[in-house]
Structures are given as C-alpha cells and as structure tokens.
Amino acid sequence: MGPYPASPGRRERRVYARRGVLVGMVTSIHQLDDGAWVSVNDSREVNVSDLWQLARSDICDCDPTDFLAEGFVEVSVACGRVEARIAGQCIGCGTDGVTDWLELGRADPDTGAFRSVVPSSVHVPDRRRRLAAKE
Amino acid sequence: MPTKVEGWKDEAYGNEVRERIYEFAEEGWESIPDDEHDAWFERFKWWGLYHQRKGQESYFMMRIGTPNGVLEPGQLEVVADVADEFARGPADNPEFGGAVCDWTTRQSIQLHWIKLEDIPEIWDRLESVGLSTQQACGDSWRNIVGCPVAGKDKNEFIDAWPVAEELNETFKGNDDYANLPRKWKVSVTGCSEGCGQGDINDLAFEPAVKIIDGEETKGFNIRVGGGLSRKEPRLARSIDVFVTPEEAPDIAASCSALFREHGDRDDRFNARIKFLVDEWGAEKFRRVLEEEFVDGELRTAGEDLRDEYTYNAGHNHDDGEGHADHVGVHEQPDGNYYVGLSVLVGRMSAEETRELAHLADEYGSGEVRLTQRQNIIVTDVDSDRIDGFLEEDLLEYHSPEPGVFMRGSIACTGTEYCSLSIVETKNRMVRYGRWMQDNIDVPEGMTNFHTHLSGCTASCAQPQIADISLRGMKTRKDGEPVEAFDIGLGGGLGENPQFADWVEMRVAADEVPGYIRNLVEFFAEAREDGESFRAFIARHDEEALNGLVEPEETSYTDPYMHNTKMTWYPYAEDDDMGSSPAPTNGQGEPLPSDD
C-alpha cells in the first residue's frame, strides 16, 4: 500500500430557499488522525478496525471480500450520503488495496444526525455505477 | 489544495491556542462549539493533548515531552502526583489499576483520562518544576530523543545532552518552526552504541569525527528522512554533512525550514519528510539545503561510528560488546552507577511512580531518565548504596535483572485509548510476556530477545525493528472475527539496520505465544554455535521463514479476542459503547445527551 492520495475533507452545503426563508443544512465530514476515523458533523462516527463484507469489489476474487478497514483514504458527501474509499486488506486471502467509494451512512438533512450502515452486511463499492453497468 | 487541517492551522495554531484552552477549561467541555470539535482537537495536539477515542469523548491523553528522556530531580514526583489526582477515568485497568504513567518509545510521558477542566491546574504543577506539554504532539518539533544516559555513559564519544537541551530550548515555542507540514522527530546520538536510534527519525545527529583545519574534531553527521509509520518504513539517509556541536542548532533550523517550505501540505499521507527525501534523493536534498537554507558551504560528512553500534543490534549482552539496552547496573564515568529498570510495556502506576521518585531521591541524585525501550533509569547512585537500592521491593517487579522475554517487550497504547489501533495491546503484551517467561526455555546465551507489539501501521511500538514484530490485524476463528497479528522477523538496528520481514499473516492473538515458543525452540535446535537469534533469522530468506514454524493454541488465554475497538473501554464491566459515561463534566459526571 503506497502513500495515500490527497484527500481534504469535503464540506457539503445545501441551501433551500422557501418563501423567502433560508433553510440550510451543512454536512461537514473529515477524515482525521492518519485516516483512523471519519467525523460527520464533528462527531466521530466511523472507525478503522471494522470488517466490511464487500461484494463485487476490485480488491480480490473472494466472494465476499472480508475487508479489514485500516485507514480512510478519501471521504465525500452528496445529498447527505457519506462515502469513503478505504485502505485495508481482505483477511481471507491477504490482498491489500483501496476500495472504490463505499457508503458509510447518511446524515439527516434536518438534524445532521448520522446513521451508519452496518459494515458486516454486504456492500457493493461504487454501487451506483456498477448497478447501472451491463453485466 | 492544502488540506482541511492546514486550513485549521492557518486560522489558529501553536502558542496562541493556549489561551483558548484556558477559556474552554474555565467554561467547561460544552463550551467548545459542536461544529468546531475537529478543528480544536487538531490544534490541541500542539499542546500535547490528544482527544481519546470514540466512547471516551471529553477525555484527553496528555503527553509530557522530556528532552532526551531526562527528568530532573523533583519532576518525577510531580508527574506521579498529577497522574494520581487527575489521570483517573470512569473504569480501572485490571492489570494496572486506575491511574498510570506510560513511558513512551520517544522518551516522553503519557497520562490518560485527563479532563479539559483540569488542564490549567495540571499545567501549573508541571511547569512549576520545568516540565511542559508544549509541542508534544502536532505538526512541529516533537520531543527530542537521544542517548538516555548522555553525560553519564562510559562509552560516550561526545556528550549529546547539552546539544539536545539547546535544540529543545531553541525550537520549543519558536514560532518560525511551530507550524510544519507534519510532525518533525529529531534524534541526537553521542555514544558509540547508537542508542539514539537516529535511523528512524526525520532528522538524526549521529556521532562522527572530522579533520578540520588539521585538527580532529568531534561532532555529528546528519541523516534525514527516517521513520516507520504506515507501511512505508524508511531508514534515515545520509546527506553527507558534518557539523560541530555548536553548529547543531543552525543546521537543525535549516533542515526544518526546508521541510516547512517544501513539505507536502496538500496530502498529509505524503507529508513526512521521508517522502520528500524519496522524491528528491539525498543529493538534491543537500543541494537545496545548501543553496536556499544555509549561509556558506556545508562540510562533507566525517567518519562515523556506525560499525560500533550495539543498541538493539541483535547481539547478546555477554558477548563483550557494548550494551543493547540500558537495563541493569552500569558504572558512570564519575564512579557512581546508573540502574536501568525493565518496565514491562512502559507502564507504572502512579503509586509505583511516586515510590520510584522517592527511591531516586534517597539513593541517587533524584534524577531519572526514560529510554526508547519504555524503560526507566535511576542515575547517580552512590557505589556504597547500590546494594541497598537493589534490595528495594519496587525492583522486584520493575527489575534491573528481568527475564529475557520481559526485558524485550514493548507495546503501544492500543484500543484502550487510541483511535488508530486495531487491537488491544498493553494488557495483551503483559500476558504474552508472563506466559513466555513461564513457558519458553531460554536458549543458551540468549540475553536479548525483542518483541515489539503495535496496534496498527502507525508503528508507535516500532515493530519493524524487533526480533518478533507484531502488528495489529483481524482474522476469523470458527467463523467469528477475532483480534490477530501479522508477525515479522529479523528487524533491528546496529551497523546494518534491517526492517522485519512479515512472514506470518493474520495469526489469531491467542496463537501468537505458541508461534513464538515454536520458533524459539526451533532456533535452539537449528542455530549454529553461539549464533544470535537475529543472525539466525538473517541467514534464512523470507521464503524459508514463511511457515518455518506454526502458530498454535497453548495454555495461554486471551480475554481480548473480541473487537475491543467497539467497546467504550475494553475492561469495563459493561463495555458496550452505549454504556459509556462520556462525555462528562469537570467532575466526571455524564453530561446529558443532545438526542
């Protein structure tokens, strides 16, 4: 695993104007401490050390890839959906690498509260594009 | 584009943050704006305060930087008192109790469970005796490491302590070097044994001699770009420069200014100077240093002493060479003695620490020193009093004559407090050490066997430079996820430093002691006459080492096999994350949740 690419935390700003009243929501995300965890709205939400079950990942041929999260390489947020690319390795075969974008959870647009996905359920990296692609 | 952390640092960083910490402490934890937590906790690091991991919100690790590991008379007792009074959390550790002091691999001190509201009082007490938390963490000059017995070592080539002391005075609190792209670790070695471990530092002063104006001059060669973090270990590289002790602050200023100006602020993963040295090479580094950051010409390197290095070099202690660590009783040049105590995983209770401070006063000068092997040294013990000191009860456990497996064991902080770690570390290494001591026959002549256990790739326990390297990992056992380790072999420093080869991957934590026992037994049978463990490993290639012996369950039991990171505190009776009392107020009482 090489040095990770640049990954400043991104800040999403969605602002709705309704009858002249500004209703705003900001989802602030950072990956901190050498990518050890992801902060959503200044609250520690997702840590390294979880095992993620990945289907159709590019990491290895295991099905599913039993992926140990060792570091968050990039984080992103769109429409409250928090995603990350995670460095780690499949503990089944030992192959290491960086995942494609994985959904970590969603931040409530009104309260900012974060609901995490369950890492041990099955996830498909870069789901939206993969599902749209022909088999 | 500069990282978000750089943006926070631009807004406020360094000395100016202290006043805000005082304000937050006065007004309480809840006065830190919710949407500014990440920014402030990043800035707090510069003042030695590291917010503890998820489930322990509002509590901080406090690091005290002790240059060269030197604690002057009176300082250790204050550390013990502060730990006793302020470093107690909501639950105790079953091995160590409720208030502990950690001696780190960079000769610093770490206290845990520190509450924001107590910080001003703690700073008052520490600073009243000359101790400081300034720049103990964060992106600047960190605690300067070196020979822990500098000035008191019979094998000393040059006294490194005044140099380390001057560097500390020059660069601590110095606004010109307060905001660097990343941490900046400096080592000063003055002995012929190499115990400053310069090879794994960003900037290393290594003892050397050079003929200047016809005179043999003692000083230092300069190396840059060493470090172990992530999976990118590097040995510091020579830039072919010699300086005298008097010139050390100037060259240090030049090197750290070069890092300040040319280090990567766009990518924290690529920011350490080791990557700049990778990119430029030593020759370009030297050229840019000379052209842009130095007045006049740099001298070429002098003759070094690296072929004499014995520290963590894989030798045995009785082979007539210099020391491999500082444990044991050693005569000082002044006829007094220093006594190095083995502190398993570098952790002592506040009570033990206070007792040691009293013993250091009673038998020595009151000074103690911390080593890079997480041990502690009592200096200046009068020759007439050495026997009395050695009979003290405290030395039965923290012994100057420990068993070989206890002597060589190092562990980082781990999931007990640290956000980065994958696994539990210190309590586990204590259990490993005891089991190995009781269950593994020590091969003849083996006095040196280093096991370094690190919870993740950050490598705070320096796993790559050990006989047995353990790096936190996960695996499945009977289908269930359990804590595990990658195992490396053959690392160490010395004349020919070598990083470990990782040969057994994802070994369940409860099978590691069996692996080590099998390996030591194999070594005992297959070694050549008098061969050291490191030499034995070195004559096998990685392929031969892979599968040389098998991991195995034994009588060793491991209470931390579950995912300790998912607990709020791994040893709490109810360790469920939802049962965490954090965050708490200044009295340690849970604060109401926002939900």
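Student: In what sense do β17(B) and β18(B) pair?

Tutor: Start with the terms. Helices (H or I, at least four residues) and strands (E, at least two) are DSSP runs, numbered from the N terminus. Two strands pair if DSSP finds at least two bridges between them. Here β17(B) and β18(B) are joined by 3 bridges, in the parallel sense. One residue pair to find: B:S409, whose bridge partner in β18(B) is B:T451. Keep in mind that this is a predicted model, where local features need pLDDT of at least 70, side-chain atom pairs count only at pLDDT 80 or more, and totals for chains, interfaces and linings use all residues. Residues are numbered from 1 along each chain as its sequence is written, while chains are lettered from A and ligands numbered from 1 in the order in which they are written.

Student: What is the strand order of the open sheet with mixed pairing?

Tutor: The order is β17-β18-β19-β20-β21 in chain B, 5 strands in total. From one strand to the next, the twist averages 25°.

Student: Which strands does α14(B) lie across?

Tutor: Axes are lines fitted to C-alpha atoms, for helices over the stretch in contact, and angles run from 0 to 180 degrees between N-to-C directions. Contact between two residues means C-beta atoms, placed from the backbone, within 7 Å. In this case α14(B) lies across β19 (468–477), β20 (480–489) and β21 of chain B. The helix runs at about 140° to β21(B).

Student: Which residues of α13(B) are buried?

Tutor: Count neighbours. A residue is buried if 20 or more other C-beta atoms lie within 10 Å of its own, exposed if 12 or fewer, and partly exposed in between. An α-helix has 3.6 residues a turn, so residues three or four places apart point the same way. On α13(B) the buried set is B:K426, B:N427, B:R428, B:M429, B:Y432, B:G433, B:W435 and B:M436. Their cover includes β14 (347–349), α12 (404–407), β17 (409–411), β18 (451–454) and α14 (512–526) of chain B.

Student: How many residues does helix α13 of chain B have, and what is its reach?

Tutor: The expected span of a helix is 1.5 Å times one less than its number of residues. Helix α13 (residues 426–439) of chain B has 14 residues. From first C-alpha to last, α13(B) reaches 20 Å, close to the 20 Å expected.

Student: Which 5 strands form the antiparallel open sheet of chain B?

Tutor: Read them in the order β3-β15-β16-β13-β12. The edge strands are β3 (70–71) and β12 (328–331) of chain B; each has a single partner strand, so one side of each is left without a neighbour in the sheet. In a regular strand the side chains alternate between the two faces of the sheet.

Student: Is β16(B) mostly covered or uncovered?

Tutor: Mostly covered: 5 of its 6 residues are buried. Strand β13 (residues 337–341) of chain B is joined to β16 (residues 376–381) by 4 bridges, running antiparallel. There B:V339 has B:V378 as its bridge partner, and B:G340 stands opposite B:I377. B:R369 also stands opposite B:I377. Strand β15(B) joins β16(B) through 3 antiparallel bridges. These two form a hairpin with 5 residues between them, and B:Q374 in the turn has a positive phi of about 65°. Helix α9 (residues 350–363) of chain B lies across β15 (368–370) and β16, at about 20° to β16(B).

Student: Where is A:P125 found?

Tutor: In the loop between β11 (122–123) and α1 (127–132) of chain A. A:P125 counts as buried because 24 other C-beta atoms lie within 10 Å. Leaving aside neighbours within four places in sequence, A:P125 is in contact with A:L54, A:S57, A:T99, A:D100, A:W101 and A:L102.

Student: How many helices and strands does chain A have?

Tutor: Chain A has 1 helix and 11 strands. Of its 135 residues, 41% are buried.
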